[in-house]
Amino acid sequence: MTNTSSPTDPDLSHVGPRDKAEILAQALPYIRKFHGKTLVIKYGGNAMTDPALQADFAEDVVLLKLVGMNPVVVHGGGPQIETALNRLGKKGHFIQGMRVTDEETMEVVEWVLAGQVQQDIVGLINQAGGKAVGLTGRDGGLIRAKKLTMLDKDDPAKEHDIGYVGDIVSIDPSVVKALQDDAFIPVISPIGFGEHNESYNINADVVAGKLAIVLKAEKLVLLTNTPGVLNKAGELLTDLSAREIDELFADGTISGGMLPKIEGALDAAKSGVNSVHIIDGRVPHAMLLEILTDQAYGTMIRSH
C-alpha cells in the first residue's frame, strides 16, 4: 500500500478508493482483536483545547464504541483551571512543580473540572453520536483519596503541605462497569473524596493509570503534546518493553515533564494492562490511527 499520508498529515481526502478500502481492511483485525475490550484514554493537551481536534477526538471515541470496544475517558484541565483562577484574581502558588490547592482553589478546581470541562467533553461525544456520562470520584464511590504527602526533594525529613491535592486510596469501578454494560461512555474528572467527605484534586495521568489497572483494560492511551518517547538523538521510539523503559530512566533519556507520565504508564504496563500508548494529540485522529492501523503515531509500551 502506498503511504499517502505522513504522521503529521493524516488527511485522507486525497486518498483513492482502493487505498481507502485497504485502510479499512487493515483496521478489521484490530477491531476483531479488541472487540469487547476496555480502553482507558487520558484526554489532555492540544487535543483538548483546539476545536477541530476536540471534534476529531469525540468522533474517534464514538467510532471505537460503535465497533465494539469500551472507551473510558479521563480528562485533565490545567490550562482551564489557570484561566478560571486568573479571572478571580487568584495567584497560583507552586511547590516543587505542584499547585498548592487551598480550600478556595479546590472549589474552583472542582467547578472547572467537574462542571465546565467535563460537560464540554460529554456534549462533544453526544454531538458525535455517542452516549457519554460524566462522573467524578464521588459518583458510586469511584475514587477514594487521601492527602498527598510531599517530601522535600533536598531534605526528606521535611514535608510540604500542598493542600487538597490527593493520592488514590482505592478505586471501585462498579459504576464505570455498569455504564459500559449499558452502552454509555464514561467521562471521568480526576477528583477523589476523603474520609471526611472532602474533595481532592488528583493528577489525571495517575487516575487513568490506576483505573486501567483496576478495569483490567486492554490499553491505556495517553494523549500528549509530544510525538511520544524520544531517544537522545530526538528520534521517536515507537515500540518499547517495560524493561527497555526502565533502562531509559536509568540512563537519563527520560526526564523532566515526561517522567510522571511514563511512571504511570510503566506501572500500568507492569500491572496487567497489555499495552500503553503515548501519542501525539496534535495529530488529527491520532488515537484511531494508533489503535486501528499498523502505523505508529506515538510510543507503545508493551507489558512484556
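**Close-up views of the predicted model**

View 1. G78 lies in helix α3, which comprises residues 78-87. The structure shown is a predicted model. In the UniProt record, an unreviewed entry, the annotation "binding site" is assigned to G77, G78, R99 and N201. These positions are spread over 125 residues of sequence, yet they cluster in space, with a largest C-alpha distance of 13.0 Å. G77, G78, R99 and N201 from this set also belong to the lining of the largest pocket.

View 2. Eight strands form an open sheet with mixed pairing. Their order across the sheet is β5-β10-β2-β1-β13-β15-β16-β14. The edge positions are taken by β5 (132-135) and β14 (239-241); each has a single partner strand, so one side of each is left without a neighbour in the sheet. From one strand to the next, the twist averages 20 degrees.

**View 3. Pairing of strands β1 and β2.** Strand β1, formed by residues 38-43, runs parallel to strand β2, formed by residues 70-75. The two strands are joined by six bridges. Within this pairing, Y43 stands opposite H75 of β2.

**View 4. Helix α7 against the sheet.** Helix α7, spanning residues 242-250, packs on the sheet. The strands touched by this helix are β14 and β16, the latter covering residues 298-302. Between the direction of helix α7 and that of β14 the angle is about 90 degrees.

View 5. The model contains one cavity of 30 Å³ or more. The largest cavity has a volume of about 70 Å³. Its lining consists of A47, L53, D56, F57, D60, L223, G281, V283, H285, A286 and M287.

**View 6. Composition of the cavity lining.** Helices α2 (51-66) and α9 (286-292) each contribute at least two residues to the lining of the largest cavity. The greatest contribution is that of α2, which supplies four residues. Classified by type, the lining of the largest cavity comprises seven nonpolar, two polar and two charged residues. Among the lining residues are the aspartates D56 and D60, together with L53, F57 and M287.

How values were computed
Residues numbered from 1 in each chain as written. Predicted model: local features only at pLDDT ≥ 70, side-chain atom pairs only at ≥ 80, totals over all residues. Heavy atoms only, no water. Pairing = 2+ DSSP bridges. Axes fitted to C-alpha atoms, helices over the stretch in contact; angles between N-to-C directions. Contact = heavy atoms within 4.5 Å. 1 Å grid on protein atoms, 1.4 Å probe; cavity = no way out; pocket = protein on both sides within 12 Å on 5 of 7 lines; lining within 4 Å. Points joined across faces, edges and corners; volume = space filled by probe spheres on them. Nonpolar A, V, L, I, M, F, W, Y, C, P; charged D, E, K, R; others polar. UniProt positions renumbered as here; feature names shortened; annotations may be inferred.
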